[in-house]
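Reader: Before we go into detail, could you show me how to read a helix and its packing in a model of this kind?

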Amino acid sequence: MANRALDEWDIACTGLRSISAAEIKTFWNGYIVHRKDVRIEHGSLYSRWRRVSDDLVLSLYLTNRSVGLFVRGQRGERFATTANRLEAYEPDLGLALDASLRGYEGCCYLTNLPLPVTDPASWPQAYAWLEEREEHYHHVLSEAVLGGPG
């Protein structure tokens, strides 16, 4: 793919296989070790969470073809409720995060990095990208929403 960026849909067209539960667990265990950060919580098989406040959570996730993160409310809170609450901080919050509040239905400020997560050789890049985005999101949200340092 010389001379152009890898697109998430390019990966899908190559027949990328599904990622197994064991691989997902190994990926997240590696990320936790990489981060050396106890603030990461188990979300689901595919996700880990980092709390910003009682009602605001960063959801880090993986698929077979990307890693990413988005902002959500507490467990059980609907997307519309979270998005409506965060609307008060627009457009500054979206600009600071370089993501759209409602760009993807169900996930506030979703951003991702396309890469073949089924290939463990891609994991160091995935870990570095997730860590950078996680820290940036946490800092920006802490400043904007909570009014304090990140």
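Author: Let us begin with the overall inventory: this is a predicted model, and its secondary structure comes to 5 helices and 5 strands, which follow one another along the sequence in the pattern α-α-β-β-β-β-α-α-β-α. Of the 150 residues in the protein, 43% are buried, and among the contacts with a separation of 6 or more, 58% join residues 24 or more positions apart.

Reader: How far apart should the end C-alpha atoms of helix α5 be, and what does the model give?

Author: Helix α5 covers residues 123-144, and because each residue counts for 1.5 Å, its 22 residues should span 32 Å; the end C-alpha atoms lie 31 Å apart, which agrees.

Reader: Which residues of α5 are buried?

Author: The general idea is that an α-helix has 3.6 residues a turn, so residues three or four places apart point the same way. In this case the buried residues of α5 include Trp-123, Ala-126, Tyr-127, Leu-130, Arg-133, Glu-134, Tyr-137, His-138 and Leu-141.

Reader: At roughly what angle do the axes of α2 and α5 cross?

Author: The axis of helix α2, residues 21-35, comes within 10 Å of that of α5, and the two cross at roughly 55°, which means that α2 is oblique to α5. The crossing in which α2 passes α5 is right-handed.

Conventions
Residues are numbered from 1 along each chain as its sequence is written. This is a predicted model: local features need pLDDT of at least 70, side-chain atom pairs count only at pLDDT 80 or more; totals for chains, interfaces and linings use all residues. Side-chain values use heavy atoms; hydrogens and water are left out. Helices (H or I, at least four residues) and strands (E, at least two) are DSSP runs, numbered from the N terminus. The expected span of a helix is 1.5 Å times one less than its number of residues. Buried means under 20% relative accessible area, exposed over 50%, partly exposed in between (1.4 Å probe, protein chains only). Axes are lines fitted to C-alpha atoms, for helices over the stretch in contact, and angles run from 0 to 180 degrees between N-to-C directions. Angles under 35 degrees count as roughly parallel, over 145 as roughly antiparallel, 65 to 115 as roughly perpendicular and the rest as oblique. A crossing is left-handed if the near helix is turned anticlockwise from the far one by less than a right angle, and right-handed if clockwise. Contact means heavy atoms within 4.5 Å.
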